[in-house]
Amino acid sequence: MLKLPSELTITQVETLHQDLLHELNSNDDICLDINDVISADTASIQLLCALQKHLLTIQHKIIWVGSSEALTHTINKLGLSQYLTTESKS
């Protein structure tokens with residue numbers, strides 16, 4: 001499981017990208033803990049969309065752990081809620 005940082009901003013994207021690549025190499029589905037996320041920007045959402053697109057091509061998925069109002073708000077604001085749903089799967 002990868003715990004996302006509290007601020008998902010463009011300054012974090014490169015580090016997050018490397019962390020996601022590591023997760024892709026060691027897992028089928030990607031488990032993301034979003035409990036601590038208090039802000040997110042377009043660059044970070046773009047990276048999560050790219051991850052989602054890749055996982056769909058290999059028939060895997062993102063498993064969201066916890067919730068983040070800020071992350072969900074940014075995804076909704078960008079009109080991506082149909083593509084990138086942050087609801088936890090139990």
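Visitor: Why does Thr 74 count as buried?

Guide: Thr 74 has a relative accessibility of 12%, and buried means under 20% relative accessible area, with exposed over 50% and partly exposed in between (1.4 Å probe, protein chains only), so Thr 74 counts as buried. The model is predicted, so local features need pLDDT of at least 70 and side-chain atom pairs count only at pLDDT 80 or more, while totals for chains, interfaces and linings use all residues. Residues are numbered from 1 along each chain as its sequence is written, and side-chain values use heavy atoms, leaving out hydrogens and water.

Visitor: Which residues is Thr 74 in contact with, leaving aside neighbours within four places in sequence?

Guide: Thr 74, which lies in helix α3, is in contact (heavy atoms within 4.5 Å) with Ala 40, Asp 41 and Ile 45.

Visitor: Why are α1 and α2 called roughly parallel?

Guide: Helix α1 (residues 10–26) and helix α2 (residues 42–57) pack at an angle of about 20°, with their axes 9 Å apart. Angles under 35 degrees count as roughly parallel, over 145 as roughly antiparallel, 65 to 115 as roughly perpendicular and the rest as oblique, and α1 and α2 are therefore roughly parallel to each other.

Visitor: What makes up the contact of α1 with α2 by class?

Guide: Residues of α1 including Leu 16, His 17 and Leu 20 meet residues of α2, among them Ser 44, Leu 47 and His 54. By class, this contact has 9 nonpolar, 3 polar and no charged residues.

Key
Axes fitted to C-alpha atoms, helices over the stretch in contact; angles between N-to-C directions. Helix = DSSP H or I, 4+ residues; strand = E, 2+ residues; numbered from the N terminus. Nonpolar A, V, L, I, M, F, W, Y, C, P; charged D, E, K, R; others polar.
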